[in-house]
Structure formats: structure tokens, C-alpha cells
Amino acid sequence: NLDEIWMETVTEGDPAKWKAMYYHTLNRQQRKRVRKSRYWKERQFEKNEEEECETDQEDEMTRYPVFLDNDPEWVPEVGDIVEAQFSIDTEDGEDFSEYWTMARVTSVRDDVADVSFLDENPPNDGEDYDFQFLRPLPKEGDVVEAQLGGRYNEWYRATVVKAHPNITWDVEYTAGDANIDLGLARVSIREYDPFEEEEMVQVNWLEDGEEYWVDSVVTGTTENGAGVNLKRFDGKEVTGVSSTLVRRIRWDFEKDDDVAVLVDSEDDGNVFAGRVTKVLENGRYDIILDDGDLANCKSWSDMRFQWAMSWDED
């Protein structure tokens, strides 16, 4: 039966086996059952669990790169500064193609280009790059999303007003207290993505002559796409707010915060209510769900405050 199989798996001494069974074989009811058994070793393996909790691009606000969808008609010119994508063979033989770096185009022929990497230690020679593995950097007039001051936890829609030869940009914001930012680095400029339904944002609010930013969630968009409908954290709903008055931030959660978390995102992407039990040193979170199950090592990007959810109360 389940208790005997679980006991044998745990007492074998190989944590990888019981973890594989727990996370990939047992259903939710069975997980509850084994957690109540005398062979549940949550505390014994707690340190190992945290050590195995790794971050990825989803943990960074800069995960939105510049211009993923290249214009199919775009052709780089000799001398252009672009970003080139590496295709790296991993230990298991699979291609890993998510590393982009700055490069200068040195020659163009047919549908390929040679590049010279601006990195001091380029991992390959940069020859025969298909155009699909190159992408242009922002140019004057492009609408982007920029990080205020290049260091604050605030991202605003902006327009590039100047692209400098030293690969920095001046931008003009459409919202916020600052109108212009000068000399922003590449990591502080990304592609502007329209706001999506159920996305947590902050909206610029004017009340009694005072202007401040209010935590909100997007509930819809206007027909022309230029505005959004929002629900504030206090439950007040507003419609037709200009997208220029909305900003993104990297949300931080604290221990004991009531949250909604995306679980099994690779499967059906169910969202469950829970509570933060631990803030890990790498910025991820351990969560206990309301039904007693665990959701550990979760990225902030898979989490929402419960006030931002629209689920029906039973």
C-alpha cells in the first residue's frame, strides 16, 4: 500500500527518489497522507530543498528582452551594433539558446552576417550568423519600457529620444515624476508589452490634489487598446485608465502574506490560495496552500496577492 511504498522509498537514503515520487507521482490527497506519516522528512531535507531552489529569468524584471519579434524584412548593416544569440550545447546534448550579447556587424552577405563580439571573451568566432539570431537595439522613436534611473524598482512606458554610440539611451517617459532619463544601459531598457488581464500593476492616482501610486490589478482593456480597466487593492474599480498612467514593479512578498500561487504551470496551470511561510535568500518563496499542500521555491512572477484574484468564493 501507499504507506509501505513511501516508507521503503524514504528509508533507501536517496532523497532524489522520494522527491520524484512526491512531486511527480503522488496526487494531492496522497501527498497529504504521506506528510502525516512518521516517514515524512520535511525538516531533514529542508536545507537541501533550499539549496536546490534555483532562480531563472522569471525572477528578473529584465526578463523581457528588446524586440523578440524581429521585423522579417530587417537586414543589418555593416557597423551596426546588434545583439547576437548563442546556441550552446548543454551536457545532455540539448541546445540552449537564451544567451544574448552585444556585437558589431562586420560583414553581410545573403541572409547571414559576421559579427565581432564586444565581450572581452567571446565564446565563439561570430561567423555566419543567420539574421534570425540577431536583433536590433532600440533606435530613436521606439516605444520601450524603461527602468527609472536605471536602478529603481519602477518600469514605465517611454520613447527613445536618443541612442548613443556608447550603447546607452535617453528616454522620455509618458508617466511618473521624471520626464527624461539620460544614459540608460541595456539592462534598463526592454520591449514594451501591453498590460494583460490579471496582471498586478500600480496606477497613478490623483485625489484631493495629491498624486500617488496605488496597487491594482488589470481587469480588462479598452477596445482601442490604449487604456485598461483596473481594480484597486481596496476593491474600487475604475475603467478606461490610460496605459501611460500605469507602471510595472517587481513585487515583493513577506512571510504570512496571503497569496495566490500558480502550481503545476507546465500542466494545467492551476492557481491556489496559500500563505507565505518563508522568504528564501535568493528571493523565492515557500508557500503552504490552504489545503495543506506545499508549493516551494516559487518565483514572484507566479504569485499574486489574494486581493488581485477574481475567483468565486464558495
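Reader: Which residue's side chain meets that of Arg190 in a salt bridge?
Author: This is a predicted model, in which local features need pLDDT of at least 70 and side-chain atom pairs count only at pLDDT 80 or more, while totals for chains, interfaces and linings use all residues. Residues are numbered from 1 along each chain as its sequence is written, and side-chain values use heavy atoms, with hydrogens and water left out. A salt bridge here is a side-chain nitrogen of Lys or Arg within 4 Å of a carboxyl oxygen of Asp or Glu. At 2.7 Å, N to O, the side chain that Arg190 meets is that of Glu145.

Reader: How many residues apart in sequence are the parts tied together by Arg190 and Glu145?
Author: Strands are DSSP runs of E of at least two residues and helices runs of H or I of at least four, both numbered from the N terminus. Arg190 sits in strand β10 (residues 189-191) and Glu145 in strand β6 (residues 143-147). The pair therefore ties together parts whose separation in residues is 45.

Reader: Are Arg190 and Glu145 buried or exposed?
Author: Buried means under 20% relative accessible area, exposed over 50%, and partly exposed in between, with a 1.4 Å probe and protein chains only. By that rule, both Arg190 and Glu145 are buried.

Reader: Which residues are linked with Glu145 and Arg190 in a network of salt bridges?
Author: The structure holds eleven salt bridges. The network that contains Glu145 and Arg190 also takes in Glu199 and Arg248.

Reader: Where does the salt-bridge partner of Asp256 lie?
Author: The side chain of Asp256 meets that of Arg275, at 3.3 Å from N to O. The pair links distant parts of the chain, 19 residues apart, with Asp256 in the loop between β15 (246-247) and β16 and its partner in strand β17 (residues 270-279).

Reader: What phi does Asp256 have?
Author: Most residues other than glycine have a negative phi. Asp256 counts as partly exposed because its relative accessible area is 45%. Although Asp256 is not a glycine, its phi is positive, at about 80°.

Reader: Which strand holds Cys297?
Author: Here is another positive phi in a residue that is not a glycine: that of Cys297 is about 55°. The strand, covering residues 294-298, is β19.

Reader: How far apart are the C-alpha atoms of Ile287 and Arg275?
Author: Ile287 belongs to strand β18 (residues 285-289), and it is buried because its relative accessibility is 0%. Contact means heavy atoms within 4.5 Å. Beyond neighbours within four places in sequence, the contacts of Ile287 include Val259, Val261, Met303 and Arg275. Ile287 and Arg275 are twelve residues apart along the chain, yet their C-alpha atoms are separated by 5.5 Å.

Reader: Which helices do the buried residues of α1 pack against?
Author: In helix α1 (residues 2-11), the buried residues are Leu2, Trp6, Thr9 and Val10. They lie on the same side of α1 because they cover an arc of only 95° around the axis, taken from the directions from the helix axis to the C-beta atoms. The helices they pack against are α2 (15-24) and α3 (28-35).

Reader: How much accessible area does the patch of Val75, Val78 and Val108 have together?
Author: Patches are made of residues with over 30% relative accessible area and no salt bridge, with like charges joined within 9 Å and nonpolar side chains (Val, Leu, Ile, Met, Phe, Trp, Tyr) within 5 Å. Areas come from the Shrake-Rupley method with a 1.4 Å probe, and for residues only the protein chains shown count as cover. Val78, in the loop between α4 (46-51) and β1 (81-89), is exposed because its relative accessible area is 57%. Together, the three residues of this nonpolar surface patch have about 230 Å².
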